[in-house]
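Me: Please take one part of this fold and go through it closely for me. I'd like to start with strand pairing, and then hear about whatever surrounds it.

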Amino acid sequence: MPGAAPPPDPAADARWMALALALGRRALGQSWPNPSVGCVIVQGGRVVGRGHTGPGGRPHAETVALTRAGAAARGATAYVSLEPCAHHGRTPPCARALAEAGIARVVSALADPDPRVAGKGHAMLRSAGLQLEEGCLAEAARFDHAGFLMRLQRGRPLLTLKLATSVDGRIATESGESRWITGAPARRLVHLMRAAQDAVLIGVGTARADDPMLDIRGLGIDHRPVRVIADSRLRTPPEGRLATSAERQPLWICHGEDAPPAARAAWERRGARLIACATDSGGRVEAADMLARLGAAGLTRVFCEGGGTLAAGLLAAGLVDRLIGFTAGLALGAAALPAIAPLPAGPLSEKPRFRLCESRPVGADLMHLWLPEGGG
């Protein structure tokens with residue numbers, strides 16, 4: 001049986017849960033399809049164990065924290081950013097492990113909607129005699145776990161659209177020159193954002209024009225997000241940097257059912273994973289179907305970096321969950337390439353609208369984060 005639980009202290013609970021959430025964010029982009037959970041074990045006002053979900057979803061955060069805490073876990077409080085699991089997988093349930101370690105009290109940020117858990121973890125803790133507090137920093141936890149929740153509840157990953165533009169919303173000059181509109185600090189921050197993503201998505205136009213690596217450089221972070229190209233006809237040349245690096249960093253291509261067999265074979269030889277998707281009336285990969293297939297493949301967080309046609313398709317379909325802009329103090333004029341291709345005609349009331357969540361300078365540029373109006 002667990003030892004005596006310490007008395008609740010809401011301010012301390014919030015402080016320790018904030019640490020658990022911060023630990024969980026370290027695993028974002030690396031734990032899919034599992035959630036990125038953080039766990040902190042506190043005994044007598046001191047952290048005795050901490051952990052976050054490991055690469056590929058194992059080990060679980062609770063397992064790591066309990067191992068580090070050892071005997072000091074008895075009578076302690078565990079702060080967990082998501083309901084401890086209650087099912088047997090490759091490891092026993094974390095709820096049982098917490099009870100068997102002698103944890104006296106568990107503070108949980110959020111219930112896990114996974115049908116294998118869905119309240120069963122909390123029930124297991126209560127039946128073992130542990131004191132349980134639910135909902136500590138729930139909104140912050142919901143924001144952090146948004147990708148995991150999105151995949152479970154809507155069958156697709158969280159989609160973040162990133163736009164790096166001039167002050168008049170352009171991404172390249174009329175001749176196609178785009179390097180660099182924003183400065184080095186903004187580009188560095190984009191690489192840091194990539195590090196928290198399962199995948200980076202671009203359209204065929206960007207792939208053909210820029211042949212970007214879509215990797216993480218200059219930060220000392222060893223994470224290789226999946227690179228995804230929306231390319232209905234497989235027009236991306238299989239000789240560029242994206243192709244030749246496919247064995248070192250995963251490359252998935254979402255294409256139409258009628259993509260040429262020869263092009264399919266060429267990309268398969270390169271080691272790319274091909275995902276057949278529905279196409280729209282214009283012959284482009286249908287955005288909702290593509291995201292559903294990426295969700296079925298396990299992805300929980302996708303970071304779209306262009307181009308304009310893909311951005312327009314995602315916006316028109318209402319699939320942009322977070323919009324991040326980097327705006328440079330530079331004007332390119334109406335002849336330059338717009339960040340977003342034409343959207344379907346309609347009144348202003350029908351256009352995608354977002355609310356500002358955060359804005360701050362990054363070097364000489366402005367970063368702004370927007371969330372869908374009426375959404376979280």
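Reply: Let's start with strand E6 (residues 158-165) and strand E13 (residues 322-327), which run parallel to each other and share six bridges. Within that pairing, Leu163 sits opposite Gly325 of E13. Strands and helices here are DSSP runs, at least two residues of E for a strand and at least four of H or I for a helix, numbered from the N terminus; two strands pair when DSSP finds at least two bridges between them. Bear in mind that this is a predicted model, in which local features need pLDDT of at least 70 and side-chain atom pairs count only at pLDDT 80 or more, while totals for chains, interfaces and linings use all residues. Numbering runs from 1 along each chain as its sequence is written, and side-chain values use heavy atoms, with hydrogens and water left out.

Now zoom out to the sheet that holds this pair. The sheet is open and mixed, with nine strands in the order E11-E10-E9-E8-E12-E6-E13-E16-E15. Strand E11 (273-277) and strand E15 (354-362) are the edges, each having a single partner strand, so one side of each has no neighbour in the sheet. On average, neighbouring strands are turned by 20° against each other, direction ignored. Angles come from lines fitted to C-alpha atoms, for helices over the stretch in contact, and run from 0 to 180 degrees between N-to-C directions.

Two helices lie across this sheet. Helix H7 (residues 184-194) covers E6, strand E8 (199-203), strand E12 (301-304), E13, E15 and strand E16 (365-372), at about 160° to E13. Helix H11 (residues 287-296) lies across E6, E8, strand E9 (226-230), E10, E11 and E12, at about 135° to E11.

The structure holds one aromatic pair: Trp32 and Trp252, edge-to-face, with 6.2 Å centre to centre and 80° between the planes. To pair, rings of Phe, Tyr and Trp (its six-membered ring) need centres within 6.5 Å; planes under 30 degrees apart are stacked, over 60 edge-to-face, and the rest tilted. Trp32 sits in the loop between H1 and E1 and Trp252 in strand E10 (residues 251-256), so the pair links parts of the chain 220 residues apart. Trp252 counts as buried because its relative accessibility is 7%, whereas Trp32, at 21%, is partly exposed. The cut-offs are under 20% relative accessible area for buried, over 50% for exposed and partly exposed in between (1.4 Å probe, protein chains only).

That loop leads on to the other sheet. It's open and mixed too, with five strands ordered E2-E1-E3-E4-E5. E2 and strand E5 (131-134) have a single partner strand each, so one side of each is left without a neighbour in the sheet. The twist averages 15° from one strand to the next. Strand E1 (residues 38-43) pairs with E2 in the antiparallel sense over six bridges, with Val40 opposite Arg50 in E2. H2 packs on this sheet, touching E1, E2 and strand E3 (77-80), and makes about 145° with E2; contact means heavy atoms within 4.5 Å. Helix H4 (residues 120-127) touches strand E4 (105-108) and E5 as it packs, at about 150° to E5.

Buried residues in H1 are Ala12, Asp13, Trp16, Met17, Ala20, Leu21, Leu23 and Gly24, and their cover includes E1, E2, E3, E4 and H5. Leaving aside residues up to four places away in sequence, Val106 touches Ala78, Val80, Leu98, Leu125, Leu130, Gln131, Leu132 and Glu133.

Last stop: the loop between strand E2 (46-52) and helix H2 (61-69), where you'll find His60. His60 is buried because its relative accessibility is 13%, and, again leaving out residues up to four places away in sequence, it touches Asn34, Cys85 and Cys94. Pro55 is in the loop between E2 and H2 too, but at 64% relative accessibility Pro55 counts as exposed.
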